[in-house]
Amino acid sequence: MRADDGAVRTPDALHTAPGVVRRRWLLPSALAAGLDPDTERSGRPRRTARDWAVDFTCFLLAVVTGLVAADGLGDDPDLPHVVAVADQFLGALACAAVWLRRRWPLGLAVAMIPVGFLSNTAGGAGLVAVFTLAVHRPFRYVAWTGGTGLALVPVFFWLRPEPDLDYPAAVLFTVLLTLAVIGWGMFVRSKRQLMLSLRDRARRAETEARLRAEQAQRLAREAIAREMHDVLAHRLTLLSVHAGALEFRPDAPREEIARAAGVIRESAHEALQDLREIIGVLRAGEPDDGRPQPTLAALDTLVAESREAGMKVTLDLRVTDPGAVPASVGRTAYRITQECLTNARKHAPGAEAGVTVAGGPGEGLTVIVRNPAPEGDVPPVPGSGQGLIGLTERASLAGGRLEHGPRGDGGFEVRGWLPWPATA
């Protein structure tokens with residue numbers, strides 16, 4: 001048995017799971033906002049601890065790259081001192097602008113194209129800007145911005161040759177490094193989009209499950225209303241007609257009054273009898289086609305049939321006289337056990353299911369069906385997923401209650417209570 005046989009969780013119960021809330025600081029702010037509806041409604045998401053760590057790392061990489069490039073400027077005797085100072089000044093501004101990469105990824109990447117062309121020390125900040133653009137914006141923006149920057153690479157090294165590398169090697173290294181950074185950013189973006197798409201699919205699945213549960217409850221109410229109208233309308237009409245005759249003819253002969261009262265009494269008795277039959281049919285969950293309905297005394301046969309089918313079942317029947325249990329209560333207990341054994345056979349094949357039935361007049365009848373976790377992986381079994389919803393509705397119609405859920409050892413348990421009056 002599984003909770004998805006009828007248990008319906010709301011979308012917020014899924015997306016605000018305790019694990020997500022506790023580990024929110026490990027997620028990027030954009031992803032955490034998508035997975036947490038409360039953060040999503042509050043406007044612009046705040047940076048998480050992971051964001052601060054990543055931003056500081058990017059800033060540190062830009063600064064280290066800029067310092068290495070600035071150290072190389074002193075080895076170029078042909079470079080004027082003013083140009084070197086301007087280069088380092090632009091590099092410092094570019095490194096400081098790295099902290100704005102999350103707010104304006106496209107603007108920062110576009111601004112880094114001329115800055116990177118003029119300043120050798122801004123190269124690290126330019127790579128960080130391109131990576132951020134690939135993570136936060138669609139590919140068309142990356143293609144135009146990255147393509148423009150790559151087109152300027154040969155011109156940059158033609159005007160400012162690298163002293164330690166040949167011209168072709170310097171151009172090739174820079175192009176490959178830029179393409180690797182862009183590819184890495186696109187990979188990160190695809191992973192985030194995958195997680196958000198899974199989130200959307202989970203929300204749709206939760207909504208569909210809730211709608212199916214509401215539809216099942218509506219169909220049950222419609223069945224009750226239809227049966228009430230079809231069966232009781234005739235009886236209640238007779239009651240109304242004869243009661244109206246007595247009201248408007250108080251001076252009628254005594255024989256007619258007695259006959260009308262007898263008709264009223266007989267119609268009321270038959271209406272109550274029909275009402276009991278309707279409730280019995282609805283509690284049984286199937287039409288009354290004349291077949292004998294199962295009772296609590298048939299549990300032994302049900303367990304024997306399950307054992308013959310290869311299922312491991314133990315029955316602990318703590319009711320002294322199962323035949324003394326009211327028919328509607330015994331029938332509901334039988335149906336609960338039957339559905340639970342079916343679910344256990346589907347979702348925990350090979351596991352031993354335990355059935356416990358206990359109670360007495362005045363204290364009610366308790367039905368407990370539990371099974372341990374299945375051994376190994378269980379292939380998915382098609383089904384409507386309305387089994388436990390139907391059991392809950394059945395127990396409620398009988399005046400009882402039904403609880404179900406996973407156990408601590410990985411198994412599943414269904415616990416139902418049905419009223420058993422002290423006197424018939």
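Some conventions before the details. In this predicted model, local features need pLDDT of at least 70 and side-chain atom pairs count only at pLDDT 80 or more, while totals for chains, interfaces and linings use all residues. Residues are numbered from 1 along each chain as its sequence is written, and side-chain values use heavy atoms, with hydrogens and water left out.

I start with the chain. The protein chain has 14 helices and 5 strands; these are DSSP runs numbered from the N terminus, with helices being H or I of at least four residues and strands being E of at least two. Of the 424 residues, 34% are buried. Buried here is under 20% relative accessible area, exposed is over 50%, and partly exposed is in between, with a 1.4 Å probe and protein chains only. Among contacts between residues at least 6 apart in sequence, 70% join residues at least 24 apart, where contact means heavy atoms within 4.5 Å.

Next, the sheet. It is open, has 5 strands in the order S1-S2-S3-S5-S4, and its pairing is mixed. Two strands count as paired if DSSP finds at least two bridges between them. At the edges stand S1 (313-318) and S4 (401-406), each with a single partner strand, so one side of each has no neighbour in the sheet. From one strand to the next the twist averages 10 degrees.

Going across in that order, S1 and S2 run parallel and are joined by 6 bridges. One example is Thr314, whose bridge partner in S2 is Gly354. S2 (residues 353-360) and S3 (residues 364-371) run antiparallel, with 7 bridges; Gly359 has Leu365 as its bridge partner in S3. Helix H12 (residues 299-308) packs on the sheet and touches S1 and S2, with its direction at about 170 degrees to that of S1. Helix H14 (residues 387-397) also packs on the sheet, touching S4 and S5 (412-418), at about 155 degrees to the direction of S4. For these angles, axes are lines fitted to C-alpha atoms, for helices over the stretch in contact, and values run from 0 to 180 degrees between N-to-C directions.

S3 and S5 pair in the antiparallel sense over 7 bridges, and Val369 has Val414 as its partner in S5. S4 and S5 are antiparallel as well, over 6 bridges, with Leu402 partnered by Gly416 of S5. S4 and S5 form a hairpin with 5 residues between them, and Gly410 in the turn has a positive phi of about 95 degrees. As for cover, 7 of the 8 residues of S2 are buried, and in S5 the count is 5 of 7.

Now the helix contacts. H6 (residues 81-97) and H7 (residues 105-118) pack at about 160 degrees, with axes 10 Å apart. H6 and H7 are therefore roughly antiparallel; the classes are under 35 degrees for roughly parallel, over 145 for roughly antiparallel, 65 to 115 for roughly perpendicular, and oblique for the rest. The contact is made by Asp87, Leu90, Ala94 and Ala97 of H6 with Leu108, Met112, Val115 and Leu118 of H7.

H7 also meets H9 (residues 139-159): their axes come within 9 Å and cross at roughly 10 degrees. That makes H7 roughly parallel to H9. Among the residues in contact are Ile113 and Phe117 of H7, and Leu152 and Phe156 of H9.

Last, two residues. Is Leu296 buried or exposed? At 1% relative accessibility, Leu296 counts as buried. Leu296 is in the loop between H11 (254-284) and H12. Leaving out residues up to four places away in sequence, Leu296 touches Val319, Pro322, Val325, Gly330, Ala333, Val357 and Leu365. Leu296 and Gly330 are 34 residues apart along the chain, with C-alpha atoms separated by 4.3 Å.

Tyr167 lies in H10 (residues 167-248) and counts as partly exposed at 34% relative accessibility. With the same exclusion of residues up to four places away, Tyr167 touches Pro154, Phe157 and Trp158. Tyr167 and Phe157 are 10 residues apart in sequence and 6.7 Å apart in space, C-alpha to C-alpha.
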